[in-house]
Amino acid sequence: MATQQNDWPSQWSGERPVTATARTGQLAESGETYLETILLMQQANPGKPVRAVDVANLLHYSKPSVSRAIGLLRDRRLLCIGSDGGLDFTPQGRECAERVLERHRQLTVLLTAVAGVSAAVAERDACRIEHVISDETMNGIQKYLSEHGLLANTRKEKADAAAKS
């Protein structure tokens, strides 16, 4: 496996339990975690295919478990598997992955800037909260961050601002 990027959330050290229930009608936490992980891996190494084995190695999950999860995400039409074994998103899968990642980033900003917790604790807690928080609460957090000039601290907002200039 390639060296880990500095920007990867600390909870991906293999100790992360998967116990929370996802929001009603949404993808389960584990599915969201796989999509978010694949997106981060693609962003860290543009143009390099992300394979199931890479995901298994990064998350410290067994290869059969990851293969089963990838199959379920493919069945839900969120992922495609190329002839080279590379994983890619369907439009719906990319939208879901980006939404989870953005929730994670915004929650991390809230926890560090407002609650004053350390970056490591904020990363770990955001990863748990992002899967169960309601859209209504997340919208309220986004509004708060925006009103207090903190929304620009998320990478999506920085990228959007750069694209506009």
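I take contact to mean heavy atoms within 4.5 Å. Helices (H or I, at least four residues) and strands (E, at least two) are DSSP runs, numbered from the N terminus.

**Set-up**

I am working on a predicted model, where local features need pLDDT of at least 70, side-chain atom pairs count only at pLDDT 80 or more, and totals for chains, interfaces and linings use all residues. Residues are numbered from 1 along each chain as its sequence is written, and side-chain values use heavy atoms, with hydrogens and water left out.

**Overall layout**

I looked up the secondary structure of the protein chain. It comes to seven helices and three strands. Along the sequence I read the pattern α-β-α-α-β-β-α-α-α-α.

Next I checked burial. I use buried for under 20% relative accessible area, exposed for over 50%, and partly exposed in between (1.4 Å probe, protein chains only). The protein chain has 165 residues, and 39% of them are buried.

**Helix H1**

H1 has 16 residues. From its first C-alpha to its last, H1 reaches 22 Å, close to the 22 Å expected at 1.5 Å a residue. The expected span is 1.5 Å times one less than the number of residues. How many of the residues of H1 are buried? I get 13 of the 16, so H1 is mostly covered.

Angles under 35 degrees count as roughly parallel, over 145 as roughly antiparallel, 65 to 115 as roughly perpendicular and the rest as oblique.

H1 spans residues 29–44 and H4 spans residues 91–114. Their axes come within 8 Å and cross at roughly 90°. That makes the pair roughly perpendicular. On the H1 side I list Glu32, Leu35, Glu36, Leu39, Leu40, Gln42 and Gln43. On the H4 side, the residues include Cys96, Ala97, Val100, Leu101 and His104.

I sorted the contact by class. Ala, Val, Leu, Ile, Met, Phe, Trp, Tyr, Cys and Pro count as nonpolar, Asp, Glu, Lys and Arg as charged, and the others, Gly among them, as polar. The contact of H1 with H4 has seven nonpolar, four polar and six charged residues.

**H1 against H2**

At what angle do H1 and H2 pack? I find about 105°, with the axes 11 Å apart. These two are therefore roughly perpendicular to each other. H1 brings Tyr34, Thr37, Ile38 and Met41, and H2 brings Asp54, Val55, Leu58 and Leu59. The residues of this contact divide into six nonpolar, one polar and one charged.

**Val55 and Tyr34**

Val55 lies in H2. At 0% relative accessibility, Val55 counts as buried. Val55 and Tyr34 are 21 residues apart in sequence, yet 7.7 Å apart in space, C-alpha to C-alpha. I skipped residues up to four places away in sequence. Val55 then touches Tyr34, Thr37, Ile38, Met41, Val50, Val66 and Leu87. With neighbours within four places left aside, Tyr34 is in contact with Val55, Leu59, Tyr61, Ser65, Val66, Ala69 and Leu73.

**Nonpolar cores**

By core I mean a set of buried Ala, Val, Leu, Ile, Met, Phe, Trp, Tyr and Cys residues joined through side-chain atoms within 4.5 Å. The largest has 24 residues. Which of its members touch the most others? I note Tyr34, Leu35, Ile38, Val55, Leu73, Leu79 and Phe89. H1, H2, H3, E3 and H4 each supply at least two residues. H1 gives the most, with six. A second, separate core of twelve residues includes Val109, Leu110, Ala122 and Leu150.

**Helix H3**

H3 (residues 63–75) has 13 residues and reaches 18 Å from first C-alpha to last, close to the 18 Å expected. Its buried residues are Val66, Ala69, Ile70, Gly71 and Leu73. I looked up what covers them. The cover includes H1, H2 (52–59), E2 (79–81) and E3 (86–89).

**Positive phi**

Most residues other than glycine have a negative phi. I logged two exceptions.

- His60 has a positive phi near 60°. I place His60 in the loop between H2 and H3. At 53% relative accessibility, His60 counts as exposed.
- Arg77 has a positive phi of about 60°, although it is not a glycine. I place Arg77 in the loop between H3 and E2. Its relative accessible area is 63%, which means Arg77 is exposed.

Technical notes:
Axes fitted to C-alpha atoms, helices over the stretch in contact; angles between N-to-C directions.
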